[in-house]
Amino acid sequence: MTVEVSDHRRRRRLRHATRLPQHRILAAVLGVFAAVFGFGLVFVETSLNLADDGFTTQDISALLPSVTPSAEPSATADADPEDLSAGKALNILLMGSDTRDGEDNQELGKGDVGGMRNDTTMIMHISADRERVELLSIPRDSRVAISDCKMLDGSTVYGWTGKFNIAFSNGGQNGNIAEAAACVATTIYDLTGLLVDHYAVVDFSGFVDMVDALDGVPMCITEDVYSPKAHLELEAGAQVLDGTTALAWARARTGTGLGDGTDLMRIERQQELLTNMARKALGLNVLTDAKKGTKFINALAKSMTMDPELGDSRYLLGLAWSLRNFDTSNLYMATVPWQYAGDSSGDVLWTQPDAQAAFDALIADESLESLLEPETETTTDDTTTDGSTKKNNDKKSSSASASPSASPSPLRETEDEILADCVID
């Protein structure tokens with residue numbers, strides 16, 4: 001059985017180490033990304049008040065090495081929502097927590113496990129011109145120097161060299177998600193020099209609710225999947241996954257149709273899940289329908305912790321409004337360049353200078369894609385042997401400073417159109 005995804009939606013697959021692979025994107029984080037776009041055009045005061053009441057926010061600025069100034073609203077109110085960070089590139093630290101707090105998370109996580117962990121850490125970069133959205137994933141098994149982390153009570157948790165996700169666990173020793181996020185942000189800064197502007201942490205149940213608020217996510221399942229451990233069984237083909245199934249699909253490691261069971265084998269399917277959530281959120285009436293918008297916002301707020309500015313509905317709405325013409329073709333996902341440690345530990349090492357160059361691009365608001373894949377698409381028509389015409393996507397060199405082209409009215413797809421991309425021979 002062969003499954004094909006239509007050419008205009010096919011993502012370039014990056015190879016291990018030298019071609020900078022995509023890394024795992026745990027399901028919980030996907031909701032954050034979809035939420036930024038799904039929030040965009042719901043101008044209903046009731047919905048915004050509900051969101052403000054539901055968000056859990058905590059300020060971590062006192063725990064960070066440095067902070068960027070908070071945005072201030074202009075003196076004159078505009079008819080349209082105001083992007084309070086207009087003209088400024090943003091780096092948002094996104095984390096998916098596998099906390100088992102609450103019955104829902106225990107059920108979804110299949111048991112009660114002590115401590116705090118995050119399976120996923122990503123930097124979501126939104127360019128100053130609001131035309132590029134880039135996500136750089138940090139492998140949880142990266143062997144790095146974990147920073148000493150300040151706690152809200154004035155104490156310090158000392159770090160050591162180990163796997164990157166130790167930072168979240170160290171910071172979360174007191175059970176405070178904000179302290180855990182601050183420790184991750186501090187470690188990133190000490191390793192790379194990148195300061196985060198905002199942070200957001202999502203848990204299992206929050207992601208499930210957000211997918212269900214979208215009435216599922218359309219996916220192309222490339223082969224039959226059976227994972228007893230993840231309670232997952234899927235047939236190959238085009239189908240819509242509900243929240244619980246989507247979470248299991250993104251978290252599953254072992255079983256038939258899931259590769260060799262390593263984290264890195266989950267890269268492409270989790271990338272497609274993220275992309276298709278964004279595509280559906282943009283295409284649905286959640287952007288304009290008050291009832292659907294309220295449902296989605298409530299799901300977003302239910303199981304998320306973030307900084308006070310990002311958790312303010314006016315700020316989030318203004319940011320989403322500034323992205324209303326965003327074209328998903330300008331969405332780019334990559335991973336910190338890595339290679340296996342080679343000592344049977346399962347750890348990965350960042351390859352230098354490529355890894356630092358990726359963070360430097362985010363700091364300078366330069367195109368990550370142009371750095372990692374210095375090519376740009378050009379389309380030519382080739383005539384096939386039967387006289388029909390096919391599209392050939394070649395690549396030509398481009399400057400790293402070239403601005404991506406965003407359509408004033410980018411294509412918005414229906415779920416049926418997304419599913420139609422999946423063709424089984």
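This report walks through a strand, a loop residue and a helix in the structure above.

The model is predicted, so local features need pLDDT of at least 70, side-chain atom pairs count only at pLDDT 80 or more, and totals for chains, interfaces and linings use all residues. Residues are numbered from 1 along each chain as its sequence is written, and side-chain values use heavy atoms, with hydrogens and water left out.

Because 5 of its 5 residues are buried, β11 is largely enclosed by the rest of the structure. Buried means under 20% relative accessible area, exposed over 50%, and partly exposed in between (1.4 Å probe, protein chains only). In a regular strand, side chains alternate between the two faces of the sheet. In β11, Val 217, Met 219 and Ile 221 point one way, while Pro 218 and Cys 220 point the other way. β11 runs antiparallel to β14 (residues 237–241), joined by 5 bridges; two strands pair if DSSP finds at least two bridges between them. Gln 239 in β14 is the bridge partner of Met 219.

Next comes Asp 59, in the loop between β2 (56–57) and β3 (90–97). At 48% relative accessibility, Asp 59 counts as partly exposed. Here are two of its distances:

| Pair | What is given | Distance |
|---|---|---|
| Asp 59 and Ala 178 | C-alpha separation | 7.4 Å |
| Asp 59 and Ser 61 | side-chain polar contact | 2.9 Å |

A polar contact is a pair of N or O atoms within 3.5 Å; within protein, one must be able to donate a hydrogen and the other to accept it, and residues adjacent in sequence count only if both atoms are side-chain atoms.

Finally, helix α11 (residues 354–364) has Ala 355, Ala 358, Phe 359, Ala 361 and Leu 362 buried.

Terms used. Helices (H or I, at least four residues) and strands (E, at least two) are DSSP runs, numbered from the N terminus.
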